Each structure stands twice: as C-alpha cells, then as structure tokens.
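Thanks, everyone. I will take a few minutes on one model and then stop.

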Amino acid sequence: MNLRDIKKDIEYVLSAFVEDCSVCAAVNPNASDEKIAGLMEDAINLYNDLRDKANVKIEGSKKAYFAGLRKEILEEVNALYEKLSETVKDSVKK
C-alpha cells in the first residue's frame with residue numbers, strides 16, 4: 001500500500017460515484033436534479049479533501065496512516081451511495 005495506490009483508489013471510487021449519479025439523472029426523469037447535483041458536489045469536495053489527506057507529510061507509520069485513509073474512503077463513499085439510494089427511492093415513489 002503506497003501513496004500512488006491510495007490516489008488511484010480515491011480517483012477510481014469517486015469518479016465511479018459521479019458517473020453513477022450522472023446515469024441516475026439520465027435514466028430517471030423523476031429524480032431531483034438538485035439532490036443529484038448536490039451529491040456530485042459532495043463527491044468532488046470529498047475527492048479534494050481525501051487528496052489533501054493523501055498528500056500530507058506523514059510522521060510515524062505510513063502503513064497505519066494509509067490503512068486509516070483507505071477505511072475513510074470506503075466509509076465516506078458508502079455514505080454517499082446511501083444518499084444516492086435514498087434519492088432514487090424518493091424519485092420512484094413519485
């Protein structure tokens with residue numbers, strides 16, 4: 001586990017989420033464009049925050065720091081997917 005792998009993971013996971021938001025908006029005309037745009041903005045902000053955390057000068061165990069960062073990536077993206085799921089459920093109820 002190294003910095004390059006962490007950066008690739010951040011980019012891959014968050015770009016996949018933004019793509020899923022785009023597909024959701026395109027496929028589901030009842031979906032709230034404002035909510036989906038807000039989720040995309042949250043993903044972009046998360047991307048920037050995680051990249052900043054990945055680029056910080058690490059004192060101590062890099063392995064432990066990167067393991068914690070990878071866990072944070074998964075937890076934060078999972079929370080975004082749950083919000084997207086709720087948005088889709090709300091649009092289907094309409």
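Let me begin with a question: which exposed residues does the face of α2 turned away from its buried side carry? They are Asp33, Glu34, Glu41 and Asp52. Please keep in mind that this is a predicted model.

Now the other side of that helix. The buried residues of α2 are Ile36, Leu39, Ala43, Leu46, Leu50 and Ala54. They sit on the same side of α2 because the arc they cover around the axis is only 75 degrees.

Let me step back to the whole chain. There are 3 helices and 0 strands, and along the sequence the pattern reads α-α-α. The C-alpha trace spans about 50 × 15 × 15 Å along its principal axes. Of the 94 residues, 27% count as buried. The protein exposes about 6200 Å², with carbon and sulfur atoms supplying 53% of that area. If we take contacts between residues at least 6 apart in sequence, 76% of them join residues at least 24 apart.

Next, α3. This helix has 32 residues and reaches 47 Å from first C-alpha to last, close to the 46 Å expected. Its buried residues are Phe66, Leu69, Ile73, Val77, Leu80, Leu84, Thr87 and Ser91. What do the buried residues of α3 pack against? They pack against α1 and α2.

In general terms, nonpolar side chains in soluble globular proteins tend to be buried together.

Take isoleucine 10 from that list. Leaving aside residues up to four places away in sequence, isoleucine 10 touches Tyr47, Leu50, Arg51, Ala54 and Ile73. For a sense of the spacing, asparagine 48 and isoleucine 10 are 38 residues apart in sequence, and their C-alpha atoms are 9.5 Å apart in space. Asparagine 48 is in helix α2 and is partly exposed, at a relative accessible area of 38%.

Last, the aromatic rings. How many aromatic pairs are there? The count is 2. Phenylalanine 17 lies in helix α1 and tyrosine 81 in helix α3, so the pair ties together parts 64 residues apart in sequence. Are the two partners buried or partly exposed? Phenylalanine 17 is buried, with a relative accessible area of 0%, whereas tyrosine 81 is partly exposed, at 31%.

That is what I have; I am happy to go back to the view.

Technical notes:
Residues are numbered from 1 along each chain as its sequence is written. This is a predicted model: local features need pLDDT of at least 70, side-chain atom pairs count only at pLDDT 80 or more; totals for chains, interfaces and linings use all residues. Side-chain values use heavy atoms; hydrogens and water are left out. Buried means under 20% relative accessible area, exposed over 50%, partly exposed in between (1.4 Å probe, protein chains only). Helices (H or I, at least four residues) and strands (E, at least two) are DSSP runs, numbered from the N terminus. The arc is that of the directions from the helix axis to the C-beta atoms. Rings of Phe, Tyr and Trp (its six-membered ring) pair if their centres lie within 6.5 Å; planes under 30 degrees apart count as stacked, over 60 as edge-to-face and the rest as tilted. Contact means heavy atoms within 4.5 Å. Accessible areas come from the Shrake-Rupley method with a 1.4 Å probe; for residues, only the protein chains shown count as cover. The expected span of a helix is 1.5 Å times one less than its number of residues.
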